[in-house]
Protein chains: 2
Amino acid sequence: MSEPLFERLTLIGIGLIGSSIARAAKVRGVVRHITICDESAVHLARAEELELGDRYCGDAGEAAEGADLVLLCTPVGVSGALTKRMGAFLKPGAILSDVGSTKATVVGEVRPHVPEGVHFIAGHPLAGTEQSGPDAGFSSLFESRWCILTPDQPDADAAAIAALSRFWEGLGSTVDIMDPDHHDRVLAIVSHLPHLIAYNIVGTADDLETVTKSEVIKYSASGFRDFTRLAASDPTMWRDVCLHNKDAILEMLGRFSEDLAALQRAVRWGDGDQLFDLFTRTRGIRRSIIEAGQETDEPDFGRHHPKD
Amino acid sequence: MSEPLFERLTLIGIGLIGSSIARAAKVRGVVRHITICDESAVHLARAEELELGDRYCGDAGEAAEGADLVLLCTPVGVSGALTKRMGAFLKPGAILSDVGSTKATVVGEVRPHVPEGVHFIAGHPLAGTEQSGPDAGFSSLFESRWCILTPDQPDADAAAIAALSRFWEGLGSTVDIMDPDHHDRVLAIVSHLPHLIAYNIVGTADDLETVTKSEVIKYSASGFRDFTRLAASDPTMWRDVCLHNKDAILEMLGRFSEDLAALQRAVRWGDGDQLFDLFTRTRGIRRSIIEAGQETDEPDFGRHHPKD
């Protein structure tokens, strides 16, 4: 890239996502200068050792001063308080955004603290691993991923939306735009419910008396293992997701539980036809995902590696 | 392998598992002659086209005649009837086994039809993909996998168990032995419950009015996609698993549902501590799986592939 899209980028929070943005922005030359802020002195010192930025500071207000783009890369629970702290330091014309997994409550908490003249456009890059911390990031994390922007005002500045879109495209992502409430319902079904169910089944397995934990681990390739990856995700982030996307999550959990009760009843009464119908219907979505080129068709059932 | 372990192998059913056994047994030279039987004339003709065996016939009795090892590779629902049909044709000293995902009811249905002098030892190779049919098999399917044998009689012939173990080891698997009831409880948690939950969530997503199916597909990499692979497994096989492992599945489903109700309550009441505790506890199992060398630690969060 010949000319950077932004002069000065400030990252508030230098965990998996923040440190991946720092690395990608540097590698791809989309910004000229990066200021890094984290409330953890340990993370901040590590970011400096890894040379992820050009300037490091523990105070969000100071870090935001003079920035053209400020990205909140913290758990969603603290976005409101951080914006309040930064308010007076944000320069007119600056763009403020975030990377949180839920949008409606974050917008509600951040919006009141956004000063006149600053463009706040919430965002959510659909990228991550189950790792966390500044060492976990990598520069290709956002390549071929979606980033959803959720402007919440009808008169949102089109130029600011376009600039923020180009930033994420500069990191390799494809940008989609939707309203915050719809984002939260979509993510509740494609991401939040799958994670909660994964956490739940791993918890259930952990509590069994008749099957040992070592047996669960030994034979985990038979289906269980896929869930353990999701259930190893960052606990703080997921607690905040549950607290901030409560309504959409409860709706999806309610529907899931009703359907599961019907399935359980079919198993109890030996209703083979009902089971067969469900098990047939669900194949369609898999085919559509493969046809959309979002997954390969090759067998990827995990293997174990016996030690002998 | 210099000398085949068995002279004559008969495979009843030539789907994913049966055709993989045929291919592996041929490639690895563990048997000298393979007879293939399938009630579907289409599958049988296809098996012959693919040259998976040495002899093809539609009748199980005829196919079993003279075999040293007979493997039932059919959905578990028909194992009893097939054994009844084969009974008079099985030669003294022959070993009869199966590959079904549930064991206690299969043993109960097969055992009464096993003639004196024939060694019946049920088995379950923990291997598969979501594909089915004779074209779906491949010779490396059983490499580095577990195969669980579940002898149901205290005086089971040790020599026959050893011979059947060597057969599976010859296909690349590691053999474990446990009793049929325990097998069913272990598999209920590591395989059956994960599959039922996956079928259920894909069904729930399919029914939503507020989020379109195309949105679910588009953003499926955020967690949902892992479930679609499990939910694309063979409907007939999974219907039979539910009908044949009812008690263990209902126990696990009951525990899962109770735990999910508690989780739902914590979300509704905003109990962040309870959520955080669960989300922390579940990381341990993932670590154990990685330490056991059964999974890598690398980020494998799926990517989408935008078409532009």
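Reply: What follows is a set of questions on the labels and the values behind them. The model is predicted.

Me: Why is A:Glu215 called buried?

Reply: Buried means under 20% relative accessible area. A:Glu215 has 15%, so the label applies. This residue sits in helix 8 of chain A. Leaving aside residues up to four places away in sequence, A:Glu215 touches B:His182, B:Val186 and B:Val190.

Me: How far is A:Glu215 from A:Ala205 in space?

Reply: Their C-alpha atoms are 10 Å apart, with a sequence separation of ten residues.

Me: Which residues of helix 13 of chain B are buried, and how do you know that they are on the same side?

Reply: Helix 13 of chain B covers residues 283–291, and its buried residues are B:Ile285, B:Arg286 and B:Ile289. They cover an arc of only 100 degrees around the axis, so they lie on the same side of the helix. Their cover includes elements of chain A: helix 7 (180–206), helix 8 (213–218) and helix 9 (224–230). After helix 13 of chain B comes B:Gly293, with a positive phi near 75 degrees.

Me: What makes B:Asp157 a cap of helix 6 of chain B?

Reply: One of its side-chain oxygens lies 2.8 Å from the backbone nitrogen of B:Ala159. The cut-off for a polar contact is 3.5 Å. Following helix 6 of chain B is B:Gly172, whose phi is positive, near 105 degrees.

Me: Which residues of helix 6 of chain B are buried?

Reply: Among them are B:Ala160, B:Ile161, B:Leu164, B:Phe167 and B:Trp168. B:Gly170 is buried too.

Me: Why does A:Ser20 count as buried?

Reply: Its relative accessibility is 0%, so A:Ser20 counts as buried. A:Ser20 has its place in helix 1 of chain A, residues 16–27. Not counting residues up to four places away in sequence, its contacts are A:Gly15, A:Gly137, A:Phe138, A:Ser139, A:Leu141 and A:Phe142.

Me: And why does B:Val106 count as buried?

Reply: B:Val106 has 1% relative accessibility, so the label holds. B:Val106 lies in helix 5 of chain B, residues 104–110. Beyond residues up to four places away in sequence, B:Val106 touches B:Val76, B:Ser79 and B:Asp98. B:Pro180 is 74 residues away along the chain, and the two C-alpha atoms are separated by 9.2 Å.

Me: Why is A:Glu51 called exposed, whereas A:Ser144 is called partly exposed?

Reply: Exposed means over 50%. A:Glu51 has a relative accessible area of 59%, so A:Glu51 is exposed. Partly exposed is the range between the buried and exposed cut-offs, 20% and 50%. A:Ser144 has 27%, so A:Ser144 is partly exposed.

Me: What is phi at A:Glu51, and what is phi at A:Ser144?

Reply: A:Glu51 is not a glycine, yet its phi is positive, about 55 degrees. This residue lies in the loop between helix 2 (41–49) and strand 3 (55–57) of chain A. A:Ser144, also a residue other than glycine, has a positive phi near 60 degrees. A:Ser144 lies in the loop between strand 7 (122–125) and strand 8 (146–150) of chain A.

Me: Which domains does chain A have?

Reply: The domain assignment gives domain 1 (6–179) and domain 2 (182–291). Their contact takes 17 residues from domain 1 of chain A and 16 residues from domain 2 of chain A. The C-alpha centres of these two domains lie 31 Å apart.

How values were computed:
Residues numbered from 1 in each chain as written. Chains lettered and ligands numbered in written order. Predicted model: local features only at pLDDT ≥ 70, side-chain atom pairs only at ≥ 80, totals over all residues. Heavy atoms only, no water. Buried < 20%, exposed > 50% of the residue type's maximum accessible area, 1.4 Å probe, protein only. Helix = DSSP H or I, 4+ residues; strand = E, 2+ residues; numbered from the N terminus. Polar contact = N/O pair within 3.5 Å; in protein donor to acceptor, adjacent residues only side chain to side chain. Arc of directions from axis to C-beta. Contact = heavy atoms within 4.5 Å. Domains from an automatic or database assignment.
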